[in-house]
Structure formats: C-alpha cells, structure tokens
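Subject: Structure handover

Hello,

Here is the structure I promised to pass on. Please open it alongside this email; my notes follow below.

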Amino acid sequence: MSLNYIKNFYEGCLRPPTVIGQFHTLFFGSVRMFFLGVLGFAVYGNEALHFSCDPDKRELNIFCYNQFRPITPQVFWALQLVTVLVPGAVFHLYAACKNIDQEEILQKPIYTVFYIISVLLRIILEVLAFWLQSHLFGFQVHPLYMCDASALEKTFNVTKCMVPEHFEKTIFLSAMYTFTVITVVLCVAEIFEILCRRLGYLTSQ
C-alpha cells in the first residue's frame, strides 16, 4: 500500500463526507476518548485495590471482585470504541484503495449505499454495547455488594463487600450511557443528511 493510500485513508477517517460525520469524528469522538482515557482511569483505576469484603481476606476480595466485575468497565468501553470504529475504518480503507474522493461518496449510488451500511453497522454495534453494558454494570452502582463466596470456602457463604466511590461510578456510568445514546442519534442524523443531500443532488441533475 503506497503512502497515497495511507494519506487518503487517514483523511477519510478524519473528514467523513457529511457535516454530522465530521462533527462526530472530530469533536464527539475526541471528547468520548478523552473522557474514558483520563476520567475513566481516575474513577476506576484503583477499584480492585479498594474493594474489600468481610472478612477482609485477600483471596476473598479477589474472588468477590471477579464476581462483581466479570470485565472491567475500562476494558469494556475501550473495546466498544474500537469495535464501533471498525465499520467506518473498513469503508474508508476500501475508498482509499479505490481512490474514491469524499465528494464521490454521496454522488455515486453504490458508494452511498456502502457508506450508509457502515453507519447502520455503527448504530447496531452501539445498541448492542448499550444492552451489554446494562446487563454487566446496570444503571447504578450500589455501596454494598452481596457476594456468594460459597464456592471459595463454605464458611464464607454470602458476604458483604464495600464498593469504593460508588456515587462517582454511578455518575460516570450515566455519562457513558449518554455518550452511547448521543452517538446513535448522530448516526441516525447522519443517515438523514446523506439521504437529503443525495436527493438534492438527484434533483439538480
């Protein structure tokens, strides 16, 4: 792959053919990544160290934390961001290899259809991530977690565990849900923009 292809791919990812797509990529995408990278680490970075159960034993704390967090929120949201970027990246890689200009995407029907499909896939992945997040983390972080530790040792049975900074985590969780909803709304708005511009282009012919 030549440097020209790489340049076209880079420009295509940073400057989609729609105004809403550019807003989503340059502004909202950056804010979302900054929010997750900086504030996410501050809120969830040391959660495992401060997660404590009664009795406060290391093996019990680790066992119950793994039960409380099957996957850490930072890893889940990082995977969500990467996965959601894949459809658009694949399309822009295809456009770069075919030397398709951004203006051509909304002028030729086949390219328009492919681009709309990539946006629809983005919507599907965001909705799926929203559903998974609700099942993994819920909508509120409670200060106490009841851990079933009978598999570790029968004398433990059900034990109480303290969740550190639960209120901050609830706020952060709500923010991540909000980001997902806004992304879906922007994707839907982008499809409407594509259809309107495509209709305007056909009318002017």
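Is Tyr177 buried or exposed? Tyr177 is buried, with a relative accessible area of 6%. Buried means under 20% relative accessible area, exposed over 50%, and partly exposed in between, with a 1.4 Å probe and protein chains only.

Some ground rules before the rest. This is a predicted model: local features need pLDDT of at least 70, side-chain atom pairs count only at pLDDT 80 or more, and totals for chains, interfaces and linings use all residues. Residues are numbered from 1 along each chain as its sequence is written, and side-chain values use heavy atoms, with hydrogens and water left out.

Overall layout

The chain has eight helices and three strands. Helices (H or I, at least four residues) and strands (E, at least two) are DSSP runs, numbered from the N terminus. The order of elements from the N terminus is α-α-α-β-α-α-α-α-β-β-α. Of the 205 residues, 39% count as buried.

The three strands form an open sheet in the order 1-3-2, with antiparallel pairing. Strand 1 (52-53) and strand 2 are the edges; each has a single partner strand, so one side of each lacks a neighbour in the sheet. Two strands pair if DSSP finds at least two bridges between them. Strand 1 and strand 3 are joined by two bridges. Here Cys53 has Cys161 as its bridge partner in strand 3. Strand 2 (residues 144-148) and strand 3 (residues 158-162) are joined by five bridges. Met146 stands opposite Lys160 there. Strand 2 also has two faces: Tyr145 and Cys147 are on the covered one, while Leu144, Met146 and Asp148 are on the uncovered one.

Aromatic rings

A search of the whole structure finds 14 aromatic pairs. Rings of Phe, Tyr and Trp (its six-membered ring) pair if their centres lie within 6.5 Å; planes under 30 degrees apart count as stacked, over 60 as edge-to-face and the rest as tilted. One of the pairs is Phe139 with Tyr177, which is stacked at 4.6 Å centre to centre and 20° between the planes. The two residues are 38 apart: Phe139 sits in the loop between helix 7 (109-137) and strand 2, Tyr177 in helix 8 (residues 166-204). Phe139 is exposed, with a relative accessible area of 52%. Its C-alpha atom is 6.9 Å from that of Ser174, 35 residues away along the chain.

Phe35, Tyr44, Phe76, Trp77, Phe137, Phe172 and Phe179 form one aromatic cluster. Lys169 lies over the face of Tyr44, 5.5 Å from the ring centre. The criterion is NZ of Lys or CZ of Arg within 6 Å of the ring centre and within 35 degrees of the ring normal.

Helix packing

The axes of helix 5 (residues 73-97) and helix 7 come within 9 Å and cross at roughly 170°. Axes are lines fitted to C-alpha atoms, for helices over the stretch in contact, and angles run from 0 to 180 degrees between N-to-C directions. The crossing angle makes helix 5 roughly antiparallel to helix 7, a label for angles over 145 degrees.

Backbone points to check

Most residues other than glycine have a negative phi, and most peptide bonds are trans. The peptide bond from Asp54 to Pro55 is cis, with omega near 5°. Pro55 is in the loop between strand 1 and helix 4 (58-68). Glu165 has a positive phi, near 50°. Glu165 belongs to the loop between strand 3 and helix 8. Glu165 is partly exposed, at 44% relative accessible area.

Best wishes

Methods
Parallel < 35°, antiparallel > 145°, perpendicular 65-115°, else oblique.
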